[in-house]
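Try each task yourself before reading the solution.

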Amino acid sequence: MRIFKNLIKDKLGTISLIFIVVTIIVGVIAPIFAPHDPEEVNMSLRYASSSWEYLLGNDQLGRCLLSRIIYGIRPSVLWVLVALFISVLIGSVLGCLAGYFRGKVDASIMRICDTMLSFPGYVMALAVVGILGVGLENILIAFILIKWAWFARIIRTSVMQYAELEYVKFAKASGISDIKIIYKHIVPVTFSDIAVISSSSIGSMILQISGFSFLGLGIQAPNAEWGMMLNEAREVMFTRPELMLAPGLAIIMVVSAFNFFSDALQVSLDPKLITSKNKLQEDFYPISKIKLQEKEVAR
């Protein structure tokens with residue numbers, strides 16, 4: 001409840017959260033919001049301009065651009081959220097085990113993480129796609145293989161700090177099982193760190209999957225995806241720029257919303273940042289008030 005109240009105070013973060021929720025809802029029930037079938041081909045409407053029936057116009061095959069944007073939410077956002085959840089789940093479990101037990105468990109898990117993180121993300125993704133083939137499923141598998149190690153290393157550092165607190169040591173001395181200590185005492189305090197790094201990663205993952213689809217390595221036609229729509233509109237980018245503008249703005253707006261929400265969430269979860277922000281506003285207000293008074297006196 002406290003976190004929600006702090007988040008509401010940030011107007012930009014609140015607007016971003018509302019936009020994200022609306023986007024997810026529209027993507028889940030896309031058939032209700034989409035005015036036409038996104039895969040319906042009508043060559044008589046090829047490159048048709050916007051109209052009341054087709055608000056954003058039609059693409060090179062006469063398909064409804066608005067419907068394809070709406071259906072594109074599913075692979076561009078919803079499936080990315082699924083891949084992120086799996087990555088965070090794997091990273092959180094292994095990170096908690098490594099940070100809490102340490103010793104050989106920590107060394108083994110961290111060596112695997114070091115091996116995974118030694119490869120650049122895009123190179124690893126291209127290698128997975130090269131082995132498994134192109135397609136949305138294989139790109140999501142590549143994301144999971146790349147991201148879990150990064151999450152595990154960050155969460156491990158956080159768990160190591162909390163594992164040294166007095167109440168955790170007291171719980172160990174009381175004979176409480178390690179799994180119960182992790183579940184009741186470690187996971188709740190690390191949840192804020194997990195939430196922040198998850199929300200900050202989703203934007204880059206959306207950009208990456210759009211980039212792979214733009215290169216023809218992601219979701220394949222006739223399915224709708226924002227990056228693939230950008231690729232399809234390249235040939236007419238100067239004569240019909242709106243065909244690239246619509247999916248491009250969709251990517252920018254969603255990624256920006258997640259980034260703004262991540263910043264607001266980080267501030268609302270960290271009391272120190274809230275105090276610093278309020279102090280900065282208090283320090284700025286008297287200066288602004290003095291300058292305003294000086295201007296009024298000068299007049």
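Predicted model: local features only at pLDDT ≥ 70, side-chain atom pairs only at ≥ 80, totals over all residues.

Residues are numbered from 1 along each chain as its sequence is written, and side-chain values use heavy atoms, with hydrogens and water left out.

**Exercise 1.** Describe how helices H7 and H8 pack.

Step 1. Locate the helices, which are DSSP runs of H or I with at least four residues, numbered from the N terminus: H7 spans residues 121-132 and H8 spans residues 136-162.

Step 2. Take the axes, lines fitted to C-alpha atoms over the stretch in contact, with angles from 0 to 180 degrees between N-to-C directions. The angle is about 140 degrees, and the axes lie 9 Å apart.

Step 3. Classify the angle: under 35 degrees is roughly parallel, over 145 roughly antiparallel, 65 to 115 roughly perpendicular and the rest oblique. H7 and H8 are therefore oblique to each other.

Step 4. List the contacts (heavy atoms within 4.5 Å). From H7 come Gly121, Met124, Ala125, Val128, Val129 and Leu132, which meet Asn138, Ile139, Ile141, Ala142, Leu145 and Ile146 of H8. Of the residues in this contact, ten are nonpolar, two polar and none charged, where Ala, Val, Leu, Ile, Met, Phe, Trp, Tyr, Cys and Pro count as nonpolar, Asp, Glu, Lys and Arg as charged, and the others, Gly among them, as polar.

**Exercise 2.** Is leucine 230 buried or exposed, and which residues does leucine 230 contact beyond its neighbours within four places in sequence?

Step 1. Find leucine 230 in helix H11, residues 226-232.

Step 2. Apply the accessibility scale (buried under 20% relative accessible area, exposed over 50%, partly exposed in between; 1.4 Å probe, protein chains only). Leucine 230 has 17% relative accessibility, so it counts as buried.

Step 3. Leaving those neighbours aside, leucine 230 touches Phe214, Met244, Pro247, Gly248 and Ile251.

**Exercise 3.** Where does the salt bridge of arginine 156 lead?

Step 1. The partner is aspartate 106, with the closest N and O atoms 2.6 Å apart.

Step 2. Arginine 156 sits in H8 and aspartate 106 in H6 (residues 103-117), so the pair ties together parts 50 residues apart in sequence.

Step 3. Check burial: arginine 156 is buried at 15% relative accessible area, and aspartate 106 is buried at 11%.

Conventions:
Helix = DSSP H or I, 4+ residues; strand = E, 2+ residues; numbered from the N terminus. Salt bridge = Lys/Arg side-chain N within 4 Å of Asp/Glu carboxyl O.
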